[in-house]
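Colleague: Could you walk me through this structure and tell me what stands behind each label?

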Amino acid sequence: MSDLIKVFLCEDEFIIRQAIKKTINWEREGYELAGEAGDGETAFPLISEAKPDILITDIRMPFMDGLELARLVRRSFSKMKIVILSGYDDFSYAKEAISIGVTDYLLKPITEKKLLESLGKVRQQLLEEKDHEHLRAVYEREQEEKRQFERQAVLREVMNGHFTVADAVAKGRAVGMDLLSPWYGVTLFQFRSADEKRDQSAYDETNASIHDRILKVMDSFDKGYMYEQIGDIQSFLVMGATEAGTLDTEKNLAEQLMGLLADHPHHICFAAVGRPVSRIRELGDAYQRASRVFSRRFLCSESHLFSENEAVDEAAAETQKAAQGQTIDIGTLDIGRLDHHVMVSFFSTGTAADIESFTNEYFDSIGEINMASSILRQYVVMDVIFCATSFLESIGLTKEEVQERFNAFQKDMLSDSPERAKKFLNRVFREVISQRTRKSEQKYADMIAAAKTYIRSNYANENISLKSTAANVGFSPNHFSGIFSQETGQTFIEYLTDVRMGRAKELLRSTPMKTSEVGFEVGYHDPHYFSYIFKKTQNMTPKEYRSAGG
């Protein structure tokens with residue numbers, strides 16, 4: 001891209017136009033003469049095509065004069081600068097030119113020196129505006145992480161049913177979301193490696209690529225919003241004009257998301273589509289129902305799309321089967337294999353909120369009639385305990401620690417009814433997830449400490465990013481971002497900026513370094529951007545900070 005400033009010349013007197021064209025060595029002076037015309041009517045289509053930075057136009061021309069052309073250009077190209085040439089020393093022309101927003105107003109005859117002086121001032125203004133626009137764009141990109149964090153916090157509260165309609169709409173608008181709609185739907189999505197033993201939160205290029213593709217889908221999605229839960233579950237709030245239309249949108253979104261993994265055979269994904277609700281205050285219940293359906297993913301070893309209607313139909317069929325006295329052949333059930341797959345999956349990625357739903361779905365998967373058998377029921381309970389013991393040892397607990405945890409409620413292990421068996425297993429699940437959470441928090445604390453050390457060691461590198469930091473500590477970027485914000489109360493870019501600004505203030509207080517040198521030293525190789533960020537965050541320029549004595 002050329003660094004030359006593009007100029008368009010509009011002058012009806014051919015001799016004057018030629019003189020201006022030939023007198024100035026445009027390229028040597030840093031300009032490109034991008035076009036010319038003899039009147040405004042001819043000029044405007046050419047200007048629309050050439051898109052110059054500066055328009056030089058005579059004020060009096062046939063067909064369309066300079067002021068009319070200036071008004072048209074100002075409406076269509078608001079950033080274009082306009083220099084008026086006039087042979088009439090008439091205040092009314094100047095006054096009208098100022099009202100239009102003309103940058104400069106020169107009286108004929110115009111000398112080369114005077115025109116170049118005017119163009120020089122206009123060029124400086126253009127460069128300052130472009131520089132400011134660039135700095136604002138960079139700043140906005142960096143602030144996007146913060147906005148996403150704020151939006152997700154609002155969506156989380158909305159999904160949990162914690163807001164009234166008025167609060168939800170107001171808080172949504174404050175972070176750039178329109179949450180007012182006749183109908184709402186909840187869709188849940190999760191993808192992971194098919195290898196159950198793999199740490200799903202670990203950094204992986206494929207996972208990062210899939211996540212980026214999900215974000216691109218949502219960028220083009222105008223009927224809803226997304227927030228990511230810790231544990232790599234994506235929750236989507238879908239909106240629509242009708243119940244049927246909202247449900248169709250949910251299904252289309254879920255299918256589109258699942259389609260992203262079509263070329264990733266070593267990954268599996270799950271989606272759950274909830275029934276739409278017509279009130280925003282009902283979203284909490286809708287989310288819980290969708291979560292209940294979504295808990296069935298722990299029973300699946302292949303990708304699957306779940307829906308509330310499907311779950312209701314299957315439950316009705318199971319109830320009817322039991323009422324008719326039909327039985328399920330226990331000999332056809334491979335309980336050992338099923339327990340291993342289901343339990344490892346649930347212990348690895350389930351949450352406390354999933355426990356009750358999972359237990360119900362797990363019992364349903366074995367069969368109501370089968371679970372009425374005390375022998376089979378006791379076998380299931382013991383097998384879960386063995387699996388829980390193995391899992392806890394795999395995450396670092398000793399055999400003694402595991403025995404100590406389970407001894408506390410072993411007396412309740414006898415399950416003389418399916419309901420008591422469920423209650424007992426719920427206690428087992430709560431204990432396992434509690435211990436996993438404790439280990440995770442320790443792991444997260446170590447990760448946060450490592451990330452902070454990495455940031456403090458590399459803040460001067462202008463290429464440091466959330467992605468590079470996440471890779472360094474061995475976490476996926478989206479998982480790292482969520483944990484970092486949750487544990488520190490700051491987004492990654494906020495923490496990085498604080499570290500940089502803290503060091504910058506030290507250098508401004510204690511060294512004679514130039515502002516540009518200080519900026520370079522703390523990771524801002526563009527001195528203008530450093531000054532821009534410093535003023536944004538410290539409410540004064542670096543020079544003002546230094547003058548005030550820090």
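Modeller: Here are some questions and answers about the labels used for this chain.

The model is predicted, so to speak of local features we need pLDDT of at least 70, side-chain atom pairs count only at pLDDT 80 or more, and totals for chains, interfaces and linings use all residues. Residues are numbered from 1 along each chain as its sequence is written, and side-chain values use heavy atoms, with hydrogens and water left out.

Colleague: What makes a stretch a helix or a strand, and how many are there in the chain?

Modeller: Both are DSSP runs numbered from the N terminus: a helix is H or I with at least four residues, a strand is E with at least two. The chain has 22 helices and ten strands.

Colleague: How do you know which strands pair in the open sheet of five strands?

Modeller: Two strands pair if DSSP finds at least two bridges between them. Strand 1 (residues 5-10) and strand 2 are joined by six bridges and run parallel, so they meet that definition. Ile-5, for example, stands opposite Tyr-31 in strand 2. The order of the open sheet is 2-1-3-4-5, with parallel pairing.

Colleague: Why are strand 2 and strand 5 called edge strands?

Modeller: Strand 2 (31-37) and strand 5 (104-107) each pair on one side only.

Colleague: What packs on this sheet?

Modeller: Helix 2 (residues 40-50) does, touching strand 1, strand 2 and strand 3 (54-58). Helix 3 (residues 66-76) packs there too, touching strand 1, strand 3 and strand 4 (81-86). Touching, or contact, means heavy atoms within 4.5 Å.

Colleague: Why are helix 17 and helix 18 called roughly perpendicular?

Modeller: Helix 17 (residues 466-473) and helix 18 (residues 477-488) pack at an angle of about 95°, with their axes 9 Å apart. Axes are lines fitted to C-alpha atoms, for helices over the stretch in contact, and angles run from 0 to 180 degrees between N-to-C directions. Angles of 65 to 115 degrees count as roughly perpendicular (under 35 is roughly parallel, over 145 roughly antiparallel, and the rest oblique). Helix 17 and helix 18 are therefore roughly perpendicular to each other. Among the residues making the contact are Leu-466 of helix 17 and Phe-480 of helix 18.

Colleague: What makes Arg-503 partly exposed?

Modeller: Arg-503 has a relative accessible area of 29%. Buried means under 20%, exposed over 50%, and partly exposed in between (1.4 Å probe, protein chains only). Arg-503 is therefore partly exposed. Arg-503 is placed in helix 19 (residues 492-510) and touches Tyr-459 and Val-522, leaving aside residues up to four places away in sequence.

Colleague: Which strands pair with strand 9, and in what sense?

Modeller: Strand 6 (residues 183-193) pairs with strand 9 in the antiparallel sense over seven bridges, and Gln-190 stands opposite Phe-270. Strand 10 (residues 304-307) pairs with strand 9 in the parallel sense over four bridges, and here Ala-272 stands opposite Phe-306.
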